[in-house]
Amino acid sequence: MTEVLIVGTGLIGTSLGLALTRAGYAVTLTDVSPTNAALARDLGAGRLAAPGDRPDLVVVATPPDVTGDCVAQALADHPDAAVTDVASVKGIVQAALVARGAPVQRYCGSHPMAGRERSGAVSGRFDLFDGRAWVVTPSGDTRGDVRDLVARMARDVGAAVVVLDPERHDAAVAAVSHVPQ
C-alpha cells in the first residue's frame, strides 16, 4: 500500500486525501494549523501524521508563496520519499530547490487543474479530480520512478495526466489563467 503524506489541508489537500483514501492509499495529514488538519481528518481525508511515519510520497499543498520552502523541508525530512507539490507555478519552485542544493532527483512538480469557488477543508470533495487534467512537470533531474509515482497517484484519483516541462507548464498557465485574471 502506498503511503502519502499531504502537507496542507485546504481544498486541494483535503480533496486529495479524500480521493486517495477512497483509492486505497494510506494517507497522513499535516498543516501549520492543527485545527485545519483535524478537520480534514474528521472529514475522512486521512489520519494525522505522527513521528516515525515513512511516506512513499509527500504532496505539498500549500500556498504558492511558501511552496518552495515546504518542498525543500519535505525533501530534508523524508529522505526516502518522492516529493511533489500542487502549486500553480512550477519553474520558481524548481529554481528555488536547485539554488538550495536540494535533492531535486526526488522532486517532480505537478498541478491538478481543478478547484472550486470555495476554499478550506470543509469544501473538499473526493471527486474533485475526476476527469480533470493533472499536469506532471518533471525536470531533467527528476528520477523516472518519482515521475511515475506522481503520475500514478494522479490517475488513481481520476485525473487525466499530461506531462510538460516546468517552463512550458508555466507559460501555458500564464496564457490561459493568470493573464486573463
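How do the residues lining the second largest pocket divide into nonpolar, polar and charged? They split into 7 nonpolar, 7 polar and 1 charged (Ala, Val, Leu, Ile, Met, Phe, Trp, Tyr, Cys and Pro count as nonpolar, Asp, Glu, Lys and Arg as charged, and the others, Gly among them, as polar).

Before you click on, note that this is a predicted model, where local features need pLDDT of at least 70, side-chain atom pairs count only at pLDDT 80 or more, and totals for chains, interfaces and linings use all residues. Numbering starts from 1 along each chain as its sequence is written, and side-chain values use heavy atoms, with hydrogens and water left out.

Stay at that pocket and select Gly8, Asp31, Ala61, Thr62 and Pro63, which lie nearest its centre among 15 lining residues. A pocket here is an open set of points on a 1 Å grid over the protein atoms alone, where a 1.4 Å probe fits, with protein on both sides within 12 Å along at least five of seven lines; lining residues have an atom within 4 Å of a point.

Next, pick Ile12, Thr62, Pro64, Val86 and Ala87: of 17 lining residues, these are the closest to the centre of the largest pocket. Helix 1 gives the most to this lining, with 3 residues (helices are DSSP runs of H or I, at least four residues, and strands are E runs of at least two, numbered from the N terminus).

Now show the open sheet: 5 strands in the order 3-2-1-4-5, paired in parallel (pairing takes at least two DSSP bridges). Strand 3 (47-48) and strand 5 (82-85) stand at the edges with a single partner strand each, so one side of each has no neighbour in the sheet. Last stop: Leu5, which stands opposite Val58 in strand 4.
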